[in-house]
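This briefing goes through a single protein model, element by element. Please keep the sequence and the structure in view while reading the points that follow.

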Amino acid sequence: MSIKILTDSASDLPRSFFEENNVSLLPLRVHLRDTEYLDLETINPAEVYKAIREGAMPKTSQAAPTTLYETFEELAKSGEQCVYIAFSSELSGTYQTAVMVKNELLETYPNFELEIIDTKCASLGQGLVVHYAVQQLATGLSFKELVAKTKQYATSMEHIFTVDDLDFLAQGGRVSKASAFVGGLLNIKPLLHVEDGKLVPIEKLRGRKKVLKRMVDIMEERGAKNLRDQTIAISHGDDEETAKQLKVLIEERFGSKSFLINMIGAAVGSHAGPGTIALFFLNEIIE
């Protein structure tokens, strides 16, 4: 029996990844200037960043329940075993809706095998979990083994990131208003991480160079001993140049060879804003 991997667009993987690895995409929705778009399908993230710079305030909503139902039902009919690697339940209602849709479908398709994993991850942190799941699937793991291994990757994924302006996250309810007050003040750059699926500010530094160096320092403090051999992911809010600078720092410090760098997608980018730089790696070796 074949196994199908699904994920949503909050994983911030490039469109080509889905096509090349036979992974199904569930798009989140972006509302911009009175129009609803499907992330990664009908809107380009660069358009969102351009609109934000022009003063627009995009909003987002979870993957449509009808999309989830239609996708899941098609898989239920196919008889495939399915693993849905989902965006953190602390940042979106997509996971909870997916569970509701699955339970509804089980009434009609009682043999439907669908594991919905709340990764507690976001952006390329979630994307890296998908990346590793695809690699593991290719080794011939059973369905239960793949689910267990994927959960390990999710719980071991570190997220370290900085934003140009915390107000974007505050307006979307992703961080508290109190923690957002330093945004844009005297070139102070906040450093955040993900804790149990939530975005949590951890430090404030002055200047982008200090922030990037501190990100690599934290990577050294938290990362597993095999950082040289891991795939390191970096996502950016329309700032590829800074992402490349971070990559060089990591190469110099750890000798890492494998990188996944991509622009933060329209859904996540609507809240993070332009200039966001995010770093993802594993904090334990998974055999």
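Contact here means heavy atoms within 4.5 Å of one another, and helices (H or I, at least four residues) and strands (E, at least two) are DSSP runs numbered from the N terminus. This is a predicted model, in which local features need pLDDT of at least 70 and side-chain atom pairs count only at pLDDT 80 or more, whereas totals for chains, interfaces and linings use all residues. Residues are numbered from 1 along each chain as its sequence is written, and side-chain values use heavy atoms, with hydrogens and water left out.

- What covers the buried residues of helix H9 includes helix H8 (208–222), E11, E12 and strand E13 (277–282); buried means under 20% relative accessible area, exposed over 50%, and partly exposed in between, with a 1.4 Å probe and protein chains only.
- The buried residues of H9 are Thr-242, Ala-243, Leu-246, Ile-250 and Phe-254. They cover an arc of only 105° around the axis, which puts them on the same side of H9, the arc being that of the directions from the helix axis to the C-beta atoms.
- An α-helix has 3.6 residues a turn, so residues three or four places apart point the same way.
- On the other side of H9, Glu-241 and Glu-252 are exposed.
- The 15 residues of H9 should span 21 Å at 1.5 Å a residue, and this agrees with its end C-alpha atoms, which are 21 Å apart; the expected span is 1.5 Å times one less than the number of residues in the helix.
- Just after H9, Gly-255 takes a positive phi of about 75°.

- Three strands in the order E4-E3-E5 form an open sheet with antiparallel pairing. Strand E4 (35–38) and strand E5 (59–61) stand at the edges, each with a single partner strand, so one side of each is left without a neighbour in the sheet.
- The twist in this sheet averages 30° from one strand to the next, with axes taken as lines fitted to C-alpha atoms (for helices over the stretch in contact) and angles running from 0 to 180 degrees between N-to-C directions.
- Strand E3 (residues 29–32) pairs with E4 in the antiparallel sense over four bridges, and the bridge partner of Val-30 in E4 is Tyr-37.

**Strand E9 and its partners**

- Seven of the eight residues of strand E9 (residues 188–195) are buried, so E9 is largely enclosed by the rest of the structure.
- Strand E8 (residues 157–162) pairs with E9 in the antiparallel sense over three bridges, and Ile-160 stands opposite His-193 in E9.
- E9 is also joined to strand E10 (residues 198–206), antiparallel, by eight bridges, with Glu-195 opposite Lys-198 in E10.
- E9 and E10 form a hairpin with two residues between them, and in the turn Asp-196 has a positive phi of about 50°.

**Two buried positions**

- Val-83 lies in strand E6 (residues 81–86) and counts as buried at 1% relative accessibility. The residues that Val-83 touches, not counting those up to four places away in sequence, include Ile-3, Ile-5, Ile-117, Phe-143 and Leu-146.
- The C-alpha atoms of Val-83 and Ile-5 are separated by 5.0 Å, although these residues are 78 residues apart along the chain.
- Thr-97, in helix H4 (residues 94–106), is buried with a relative accessible area of 10%, and touches Gln-62, Pro-65 and Leu-68, not counting residues up to four places away in sequence.

**Positive phi in two loops**

- Asp-12, in the loop between strand E1 (3–8) and helix H1 (15–21), has a positive phi near 55° in a residue other than glycine, and counts as buried at 3% relative accessibility.
- Lys-120, in the loop between strand E7 (114–118) and helix H5 (123–138), has a positive phi of about 60° although it is not a glycine, and is partly exposed, with a relative accessible area of 25%.

Note on methods
Two strands pair if DSSP finds at least two bridges between them.
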